[in-house]
Amino acid sequence: MSAAVFRGLFGHDPEGEWAAPGRVNLIGEHTDYNDGFSLPIALEQTVRAWARRRDDGLLRLASTRTPGRVVELDVAALVPGGDEGWAAYPAGVVWALRRAGHAVGGADVLIDSDVPAGAGLSSSAALECAVATAYADLHGLALGPRELALLAQRAENEFVGVPCGVMDQMASMCCRAGSALHLDARDLATRDIPFDPGAAGLVLLVVDTRVHHDLGDGAYAALRTGCERAAALLGLPALRDLAPADLDAALGRLPAELRPLVRHVVTEDERVRQAVDVLEKDPAALGPILTAGHASLRDDYRVSCAETDLVVTTAVAAGALGARMTGGGFGGSVVVLVEQGAAAGVAEAVTAAFAAAGHTAPGIHTATPSRGAHRVR
Ligand code: GLA
């Protein structure tokens, strides 16, 4: 369908179609920029890019969300911090590729997406990774998924100006169907941890609270700076280097305002270890680990909000095995692990609780661990 839209907009056929998924992180939140661990899965929902190279240095970008509009940029004149809106993400990828020494030029690109934006499901990383994969493929660049993830992160950090870690881009590039991705953010080592909720009689629900999630508002950057200050005060390269056994002693050496941040990061890395352990033996046992992670994000890291807390308490009271906010926080989505027979009741309870509290109705979907970025045709 969108190949026809591409033809209508640009007057010729695309050379191919590429896709990159959104993600939900099962556990390991706000650990990536502390060199720690996380455990995301890729969603079935993807950003798709249709692209064709141009030889005049123009990058022409269109989205099915803004029908008929084409943003036209000169790739040689791309500079960080402009006001391109959504187009800054694909433009940033082209900028990052060129900054890394890859002689890539212009292109016509059409974007379509079913990853909800602002829902904490990494729609921006998916957009970056779809365009990075398309560009690498079209130009025959010898770049693997890790290198593309790093370039996509650089686009977001330096071109768009959002100080995110690398988890979302790594998830979108590297996840595999039927697995969660164990990521070590220090050296980008990954391990596929088989996870098939259906085969275990489980359902993973993703509840979009519809509360807008924006990493650019300074709160995320402030948390990141707090963690870096704490590591420096403790004489450590990063908080990942603080062992759980040394946590209490370390907290005593820190100013009061940094203690909860450090407690969250250290216990969260530990929860990732526990999660990997139970996924291999008894996936239902992941539930309480999720709920403990939520409590830590709510009470120590303080990135939850009334709506995410309401989903978690309602889902658990209605019989879910466990639940937690996922992603950066300040709204966004909640991941809920529930036995198959209880899923419909949990979804109904959450919807009813939102109506009773006067919140906008949540979006509720089932998540299936899916594949990372790839060429579609
Ligand atoms: C956002 C960032 C990630 C990560 C999470 C929190 O999604 O983009 O790098 O820090 O928040 O875990």
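Hi everyone, let's start with charges: there are 26 salt bridges here, where a salt bridge is a side-chain nitrogen of Lys or Arg within 4 Å of a carboxyl oxygen of Asp or Glu. Side chains of opposite charge can pair when their charged atoms come close. One of these pairs is Asp 108 with Arg 60, whose closest N and O atoms are 3.0 Å apart. That pair ties distant parts of the chain together, with Asp 108 in strand β6 (residues 106-113) and Arg 60 in strand β4 (residues 58-63), 48 residues apart. Strands here are DSSP runs (E, at least two residues), numbered from the N terminus.

A quick word on the model. It is a predicted one, in which local features need pLDDT of at least 70, side-chain atom pairs count only at pLDDT 80 or more, and totals for chains, interfaces and linings use all residues. Residues are numbered from 1 along each chain as its sequence is written, and side-chain values use heavy atoms, with hydrogens and water left out.

Next come the polar contacts, meaning pairs of N or O atoms within 3.5 Å. A side-chain N or O atom of Asp 32 is 2.5 Å from a ligand oxygen. For Arg 23, a polar side-chain atom lies 3.1 Å from an oxygen atom of the ligand. Gly 165 takes part through its backbone, with a polar atom 2.9 Å from a ligand oxygen. The protein covers 99% of the 310 Å² of accessible area (Shrake-Rupley method, 1.4 Å probe) that the ligand has on its own.

Note on methods: Polar contact = N/O pair within 3.5 Å; in protein donor to acceptor, adjacent residues only side chain to side chain. Helix = DSSP H or I, 4+ residues; strand = E, 2+ residues; numbered from the N terminus.
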